[in-house]
There are 2 protein chains.
Amino acid sequence: MTKAYQGYLIDLDGTMYQGDEAIPFASDFVKALQEKQLPYVFVTNNSSKTQQDVAMKLKKLDIPAEPKQIVTTSLATASYITENYGQSRCYVIGEEGIHKALQEEGHTITETENCDVVVIGIDRNITYEKLAKASIAVRNGATFISTNGDKAIPNERGLLPGNGSLTAVISICTGVDPVFIGKPEAVIMKEALHVLGLKADEALMVGDNYATDIQAGIQAGIDTLMVFTGVTPFLEYEQLPVKPTHYVHNLKEWLEKL
Amino acid sequence: MTKAYQGYLIDLDGTMYQGDEAIPFASDFVKALQEKQLPYVFVTNNSSKTQQDVAMKLKKLDIPAEPKQIVTTSLATASYITENYGQSRCYVIGEEGIHKALQEEGHTITETENCDVVVIGIDRNITYEKLAKASIAVRNGATFISTNGDKAIPNERGLLPGNGSLTAVISICTGVDPVFIGKPEAVIMKEALHVLGLKADEALMVGDNYATDIQAGIQAGIDTLMVFTGVTPFLEYEQLPVKPTHYVHNLKEWLEKL
């Protein structure tokens, strides 16, 4: 018999949608959680979007979601900084999501290398000057935080550089490794459990990407449900070093176990 | 007694000049080579400048130099591509030096990811789109070449990201390691010996940086003269795993051995 989970942590890309299309049964699955009054949050390594952006995208795909149910790496980064360093002066490389999350948390965003913390998230407007300022600040002792270590981002053109690749410029230049916040790190999972109001052993992490979603669950002591609708194909299941707690080919299979 | 070398390979930064200032005795040293009719070339990992730019800078510092005596990583990169792949369509991230060297060697520079070779050199106008195109091309099978692996560039502001750090974006995104051309790789040294018209055991490599200049000599089977006027301090000499063939505190000490 399957354990009765009291809440769900749900990945987005490859689990809820692929590009602009909903994954089959994603909507049915989330509606079923809602009907059964099982709390859920979405957990994403995307630092560029705000909670509002993501909730709106989900709603358009008929997946019920409120902004407060979206746990982004930006949000987790802003909380992590407060918890560990208090209100900080941050030099930020990144897009709207990370800027907004830091400001809403009360941090100060500075345009100079004179800062407490360097934060890097995906930035499609990256420049050499931004990388130079960040490198100088880190070498001068600023805390170095990266929203997520994803090496590549799938896109209709192919695999484009992810934030983990951009982060490498600063870590190689300075010899300092950042603290990564996003999946598979435990930091974002701790934040997601906090928003959900549950303990690790009461929740289930649902995702398609073994290296990020499932590893995040494993490392945070959260049971995992792997779906084969995204990055990691079922063919690789046998070779996975530590298996997910459960797997399904699609979320319809899980509906009957709710 | 010191071996009589028939020609010299000479590093620039930290050996001939520091920023815009000549290193003491650099001019005397090069003039002495000229008087004794000992051939010499300068070997630099800087891919942004042309041979003309570098020769002019040296002349201003009273160091005799002609453009054809400047062996840049850009030049070595252009030759390496011809030798190994013939005339190629190159997608280039970099500044003037690398663009000019590739064009003068007869390669075609393309603005699209549809190319044979991706070349990356330092580019202070780097953009996400350039990194994306390069990553897509490498993943599609283009040969991946980086002019040099220097992690950082010293500057009056501090240590700024070097080409090795920028190159990491593409290698981490694609999982493909580039061929590096500059010091300490043997590729640029082979090119420099070719320009000098000497064999490895006839020449002496002079430089201040153990990790690049001296390692380049060691790996190419060229005797080395280390000078303590730049990056590597004399304090580190005892710890060096493989010692340079000779060392001097400054080039005046070497003048009497010429």
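What we have on the screen is a predicted model, and I'd like to walk through a few parts of it with you.

Let's zoom out to the whole of chain A. You can count nine helices and 15 strands in it. Its C-alpha atoms fill a box of roughly 55 × 35 × 35 Å along the principal axes. The radius of gyration is 18 Å, which agrees with the value near 18 Å for a compact globule of 258 residues. Of those 258 residues, 54% count as buried. If you take the contacts in chain A with a separation of 6 or more, 64% of them join residues 24 or more positions apart.

Now for the part where the two chains meet. Chain A brings 27 residues to the contact, and chain B brings 27 residues as well. Together they bury about 2,400 Å², and 68% of that is on carbon and sulfur atoms. Four salt bridges are found across this interface. One you can look up on the screen is between the side chains of A:E129 and B:R157, at 3.1 Å from N to O. There are also six residue pairs in polar contact across the interface of chain A and chain B. On the side of chain A that touches chain B, at least two residues come from each of α5 (128–139), β10 (152–155), β11 (158–161) and α6 (163–174). The most comes from α5(A), which gives eight residues. Sorted by class, that side of chain A has 16 nonpolar, three polar and eight charged residues.

Is B:S79 buried or exposed? With a relative accessible area of 14%, B:S79 is buried, because the cut-off for buried is under 20%. You'll find B:S79 in helix α3 of chain B, residues 73–85. Leaving out residues up to four places away in sequence, B:S79 touches B:E105 and B:E191.

The peptide bond from A:K183 to A:P184 is cis, with omega near 10°, and A:P184 lies in the loop between β12 (179–180) and α7 of chain A. In chain B, the bond from B:K183 to B:P184 is cis, with omega near 10°.

There are also positive phi values in residues other than glycine. A:D62 has phi near 65°; this residue lies in the loop between α2 (51–60) and β5 (70–72) of chain A and counts as partly exposed, at 43% relative accessibility. Over in chain B, phi of B:F25 is near 70°. B:F25 is in the loop between β3 (21–22) and α1 (26–35), and is partly exposed at 29% relative accessibility.

Conventions: Residues numbered from 1 in each chain as written. Chains lettered and ligands numbered in written order. Predicted model: local features only at pLDDT ≥ 70, side-chain atom pairs only at ≥ 80, totals over all residues. Heavy atoms only, no water. Contact = heavy atoms within 4.5 Å. Buried area = accessible area lost by both parts, 1.4 Å probe. Polar contact = N/O pair within 3.5 Å; in protein donor to acceptor, adjacent residues only side chain to side chain. Helix = DSSP H or I, 4+ residues; strand = E, 2+ residues; numbered from the N terminus. Nonpolar A, V, L, I, M, F, W, Y, C, P; charged D, E, K, R; others polar. Buried < 20%, exposed > 50% of the residue type's maximum accessible area, 1.4 Å probe, protein only. Rg over C-alpha atoms; globule rule 2.2 N^0.38 Å.
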